[in-house]
Amino acid sequence: MEANELGEIFVSVYMILFSVLLFLYELLWWSGRLPCCDAAKVNRNMRTNFGFMYGVKGRAAYLIFVAFLVIGLKNDVSVQFLRYLTGGCFAGTGLLMLFLHFSKPELLGTYKAPTTGLGEDDINSPV
C-alpha cells in the first residue's frame, strides 16, 4: 500500500466520522430522539466535545472545512462531478450561513441549539 492510498483512506474515514457527527446533530435538532441510544447523553457529549456545532459561525466553518475535504479527494473517481457537487453544496451552505450571520443577524437571532436532555442550567451556560 502506497502512502498516497493511505492518505486517501485516512481522509475517507474522516469524512465518514464528520458525516456521522453532522447527522447526529441534525437528528437531535429535528427530533430530539435517537433510536439507538439515550439522546440526552449524546447531546451532552456533543455539546462538551463539539460545541462549535451549536453556534452558527462554528457550524458554518465546519461545513466549509468538510467541503474542502470532499473536493480534495482523489481525482480518478468515476463520478468526479458528484465530488464537486457535494463539496459545492457544503461550501455554499457554510458561506450562506456566514453571509446571513454577518449581513442579516436578525434572521438567525432566534436560532436555538438542540436542548434535548439538558436542564435550565445547561441550556443557559455558554457552550
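In this predicted model, helix α3, which covers residues 56-71, packs against helix α4, which covers residues 80-103, at an angle of about 160° and with the two axes 8 Å apart. Since an angle over 145 degrees counts as roughly antiparallel, α3 is therefore described as roughly antiparallel to α4. The chain that holds this pair has 6 helices and 0 strands, and its pattern along the sequence reads α-α-α-α-α-α.

**The packing of α3 and α4**

- Two packed helices are described by the angle between their axes together with the distance between those axes.
- The crossing that α3 makes with α4 is left-handed, and the contact of the two helices, sorted by residue class, has 15 nonpolar, 6 polar and 3 charged residues.

**Helix α3 on its own**

- Helix α3 has 16 residues and reaches 23 Å from its first C-alpha to its last, which is close to the 22 Å expected at 1.5 Å a residue.
- An α-helix has 3.6 residues a turn, so residues three or four places apart point the same way.

**Aromatic pairs**

- A search of the whole structure finds 7 aromatic pairs, and one of these is formed by Tyr25 and Tyr54, whose rings stand edge-to-face at 5.2 Å centre to centre, with 90° between the planes.
- This pair links distant parts of the chain, since Tyr25 belongs to helix α1 (residues 3-30) while Tyr54 sits in the loop between α2 (39-49) and α3, 29 residues apart; both Tyr25 and Tyr54 are buried.
- The rings of Phe52 and Tyr62 have centres 5.8 Å apart and planes at 40°, so this pair counts as tilted.
- Because Phe52 lies in the loop between α2 and α3 whereas Tyr62 lies in helix α3, their pair ties together parts that are 10 residues apart in sequence.

**Burial in the chain and a residue of α2**

- Of the 127 residues in the chain, buried residues make up 28%.
- Ala40 has its place in helix α2, and it is buried, because its relative accessible area of 14% falls under the 20% limit for that class.
- The C-alpha atoms of Ala40 and Leu28 are separated by 9.1 Å, and the two residues are 12 residues apart along the chain.

Notes:
Residues numbered from 1 in each chain as written. Predicted model: local features only at pLDDT ≥ 70, side-chain atom pairs only at ≥ 80, totals over all residues. Heavy atoms only, no water. Axes fitted to C-alpha atoms, helices over the stretch in contact; angles between N-to-C directions. Helix = DSSP H or I, 4+ residues; strand = E, 2+ residues; numbered from the N terminus. Parallel < 35°, antiparallel > 145°, perpendicular 65-115°, else oblique. Left-handed = near helix turned anticlockwise from the far one by under 90°. Nonpolar A, V, L, I, M, F, W, Y, C, P; charged D, E, K, R; others polar. Expected span 1.5 Å × (residues − 1). Phe/Tyr/Trp six-rings, centres within 6.5 Å; stacked < 30°, edge-to-face > 60°. Buried < 20%, exposed > 50% of the residue type's maximum accessible area, 1.4 Å probe, protein only.
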